[in-house]
Amino acid sequence: MTSRASCNVTLRRFVAEDAARIFALSQEPGYREWLPSQVYADEAAARAALEFLKERNDKAAAVRDLLWALMTSAEFLTMP
């Protein structure tokens with residue numbers, strides 16, 4: 001399964017092309033405060049982290065073990 005959709009929200013697996021958005025999110029003050037281990041020095045570091053997550057997803061035994069990107073209106077949703 002590559003994605004799940006409901007209402008206006010779509011869940012899908014992370015892909016390497018998400019690196020630019022993940023890097024941009026990691027530079028936001030709230031993200032830096034609450035997720036300091038997920039702050040990346042540059043887009044290449046974000047891409048490497050996503051590749052690690054992709055490898056983990058490829059080995060997941062069950063759907064509940066997968067890491068998903070939560071998307072709506074082509075943007076990642078973040079917690080307030």
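Leaving aside residues up to four places away in sequence, which residues does A19 touch? In this predicted model, the answer is E43, A46, R47 and L50. Let's follow those contacts to a pair of helices, a nonpolar core and a salt bridge.

**How the two helices meet**
- On the α1 side, A19, A20, I22 and F23 make the contacts, and their partners in α3 are E43, A46, R47 and L50.
- The axes of α1 and α3 sit 8 Å apart, and the packing angle is about 115°.
- Angles of 65 to 115 degrees count as roughly perpendicular, so that's the label for α1 and α3.
- As for handedness, α1 passes α3 in a right-handed crossing.

**The nonpolar core**
- The largest nonpolar core has 7 residues: F14, A19, I22, Y40, A46, A49 and L50.
- Two elements, α1 (19–26) and α3, each give two or more residues to this core.
- Helix α3 provides the largest share, with 3 residues.
- A19 links this topic to the last one: A19 belongs to the core, and A19 also touches A46 and L50, among others.

**The salt bridge**
- Search the whole structure and you'll find 1 salt bridge.
- R47 and E43 are the partners, and their closest N and O atoms are 3.2 Å apart.
- Side chains of opposite charge can pair when their charged atoms come close.
- Both partners lie in helix α3 (residues 43–59), 4 residues apart, or about one turn of the helix.

Technical notes. Residues numbered from 1 in each chain as written. Predicted model: local features only at pLDDT ≥ 70, side-chain atom pairs only at ≥ 80, totals over all residues. Heavy atoms only, no water. Salt bridge = Lys/Arg side-chain N within 4 Å of Asp/Glu carboxyl O. Core = buried A, V, L, I, M, F, W, Y, C linked by side-chain atoms within 4.5 Å. Buried < 20%, exposed > 50% of the residue type's maximum accessible area, 1.4 Å probe, protein only. Contact = heavy atoms within 4.5 Å. Axes fitted to C-alpha atoms, helices over the stretch in contact; angles between N-to-C directions. Parallel < 35°, antiparallel > 145°, perpendicular 65-115°, else oblique. Left-handed = near helix turned anticlockwise from the far one by under 90°.
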